[in-house]
Structure formats: C-alpha cells, structure tokens
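Reader: Could you walk me through the strands and the voids in this one? I'd like to know how the terms are defined as we go.

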Amino acid sequence: MDVDLTPKLPKNVFGGDGGSYQAWCPDDLGMLKRGNIGAAKLGLQKNGLALPRYSDSAKVAYVLQGNGVAGVVLPEKDEKVIGIRKGDAIALPFGAVTWWYNKEDTELIVLFLGDTSKGHKAGSFTDFYLTGTNGIFTGFSTEFVSRAWDVDESTVKALVGSQSGKGIVKLDGSIKLPEPKKEDRDRLVYNCEEAPLDVDIKNGGRVVVLNTKNLPLVAEIGLGADLVKLDGGAMCSPGFSCDSALQVTYIVSGSGRVQVVGVDGKRVLETTVKAGQLFIVPRFFVVSKICDPDGMSWFSIITTPDPVFTHLAGRTSVWKALSPAVLEASFKVSSEVEKKFRGTRTSDEIFFPPSK
C-alpha cells in the first residue's frame, strides 16, 4: 500500500474577525481521499457566528475547547438550539442545517470528522451556505427569490445586499440569538468528558465510546467514535479494527510515539504525534502508541457505528485464545518460550502502565 500516513496539521480555508475554518487537504493526507474521510476544524472568537449551512457529508462534531451555542435543524424537523461545551460529540446526518455561535471570551473550537463517500469531492467536505456572500440567495435571480419567498424586489435587494460575510461573521454584542434549551440536547449530544467510562485502567488510560447505544443518531451517519486518554508513559496495545473500519485519529492533547504495521509485516509508519495533528490507520493495519511523560489524549471516528477491535497484547489478546501447540509451531519456539510469552500481561487490558 503506497500511501503516506504521516500525521498532518490542517490548513486555513477562510476566516476573519469572527473566527476561522481550517481543513485537512486530501492532497497532503492521501488516506482522506482513499478512505473517503473529511476532516475540518472551526474556531470562533467572541461573538463569532458560523452562518447557517448544510453539508454533502454525514459527520461527527466534537467540541475541543470552549462553550457556545449551536443550532441544528434535522430534515423536516424543528430547530434545536443546544448549549455546547468541551467534550460534546454531536451526530450530524445528511441534510442537517447548522449554525454555531460563541459568546464567551475563550475561543470555541469544534472538530468535524465524517464520511465523504457520497460527497462531491473524496476526502473533503463541501458546505452549502444559506446566507452570506456565497449563500444561495446570491445565486438566484431577483425574480426567482421574489416569487419563491413572495417578497417584493426591494426586500430581495435588502436580503442579498446586506450579506457581507463569507462563512463566518462577527456580530455586534447587542444582538441576541436564541437561548439554548436543555431538552434540545437529548438524542443529539453525548458529552465524552462526563460520560461513564467504558475502559478505566489504573496508570494506563481511559476510554469513552460513542455508539448506537448512547447516541442512536450515529446509526444514521454510519460512524462510531471514541475519546481516549492515556496516562504518562503508558502504552496502547497493538490492535486492529476487525470489521473493515478505518480509524481517523485527532490528537487532542499531549504527544507520543506511534507505529503502524501493514501488509507483509511491513512497518509503514513510525513517528511522533502531537496535539492538533490528524492521522488515519488503514483497514486491518495494526497500530500501537506509547505516550510521552505528560500523557496524551485523542478523539477518533471509526467508519462503522458499532466498531469491534482485536487486540494483540494484554489479557484479551488473540494470542491467549490460540492453542499452545499452534503458537509453538508457528513461532518455531520451545514450550518454555511459549509459556513465557503466554504468561505475560495476564491482568493488563488494552492499556499498559509504564514499566517501574
């Protein structure tokens, strides 16, 4: 498989006083195009508004930093106005119209990861704006807008002529947008920072998994996700997705080393990953990470709503399930060596604390 798996940072697409929109380019990160995955990041300054839009791709939004407000209109449904905070994961199916607003001093940063297999460009999101200088009103003629919305020509000119921003605008502080409703978060949002832990290993790490059980809407977008926090010096067991899913990983904080092994036992990636980088593990390739002393956390999407992983080390390792005689013959080692190999990691599962 001849493709560069090197982790990458996003590039600026557009922005201004209200904030910025960045995206990972499939020309720089070839696995985006090959895996039909899109990845982007929205940053909003105080009073920054990301104008209403819809996308050609289903995606998961994850709040990396700050607090804000999001408006979500699912197809043929009413608008849901939700308060969002760090750790929130939001499932956005096809056709969902969204807007995002930050009224706090701290920058609001939202990560978007999704499936572009039905999009216009493999590996890239294409957004369609309802307003702004590149919104749909600017494309239709005055006659069409006037007849469609039953307004006079002067109103049409006011609607089109008043739009001066592209994608993101900065509002006057006196403008009041809708206040979020607590009940609107139901079935739309799952906070990975506050959720019960699916895995919790002392001095090793913790995992929260986003799937159809805790957020049923992920079934519609066909993606699962997880938030992993690895303690300083800990290791994540070598493993692979055994249901043909891709794993797309964004490093939220910290740093560490990563190795990926592919076809014919070839190591296809060995590098250090740092906060802000994105990398993708191809189907069935084996990946393992060892984090630096300060620890590391990452958010991943998996291209199936209920992912299944096989781990090659630890208590649940596939090696533990194989017969001793098969291991001896396969490795061509003595029973003594096989027993030493099998007898390790009898209590550790998935994450391994640093050696004492």
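Author: Strands here are DSSP runs of E with at least two residues, helices are runs of H or I with at least four, and both are numbered from the N terminus. The model is predicted, so local features need pLDDT of at least 70 and side-chain atom pairs count only at 80 or more, while totals for chains, interfaces and linings use all residues. Residues are numbered from 1 along each chain as its sequence is written, and side-chain values use heavy atoms, with hydrogens and water left out.

Reader: Which element gives the largest share of the lining of the second largest pocket?

Author: On a 1 Å grid over the protein atoms alone, a pocket is an open set of points with protein on both sides within 12 Å along at least five of seven lines, a cavity is a set where a 1.4 Å probe fits but cannot get out, and lining residues have an atom within 4 Å of a point. The second largest pocket has a volume of about 360 Å³, counted as the space filled by probe spheres set on points joined across faces, edges and corners. Val13, Tyr21, Ser124, Phe125 and Thr126 are the closest to its centre among 19 lining residues. The largest share, three residues, comes from β3.

Reader: And which element gives the most to the lining of the largest cavity?

Author: The search of the whole structure turns up one cavity of 30 Å³ or more, and the largest cavity has a volume of about 160 Å³. It has 15 lining residues, with Ser55, Lys59, Leu92, Thr98 and Asp127 nearest the centre. Two elements, β4 (48–55) and β9 (97–102), each give two or more residues to that lining. The top contributor, with three residues, is β4.

Reader: Is strand β8 mostly covered or mostly open, and how many of its residues are buried?

Author: Buried means under 20% relative accessible area, with exposed over 50% and partly exposed in between (1.4 Å probe, protein chains only). Asp88, Ile90 and Leu92 point one way from β8, Ala89 and Ala91 the other way, and all are buried. So by that definition β8 (residues 88–92) is mostly covered, and the buried count is five of five.

Reader: Which residue of β13 stands opposite Ile90?

Author: Strands count as paired if DSSP finds at least two bridges between them. β8 has four bridges to β5 (residues 58–65), running antiparallel, where Val60 is the bridge partner of Ala91. β8 also pairs with β13 (residues 189–191) in the antiparallel sense, over three bridges. There, the residue opposite Ile90 is Val189.
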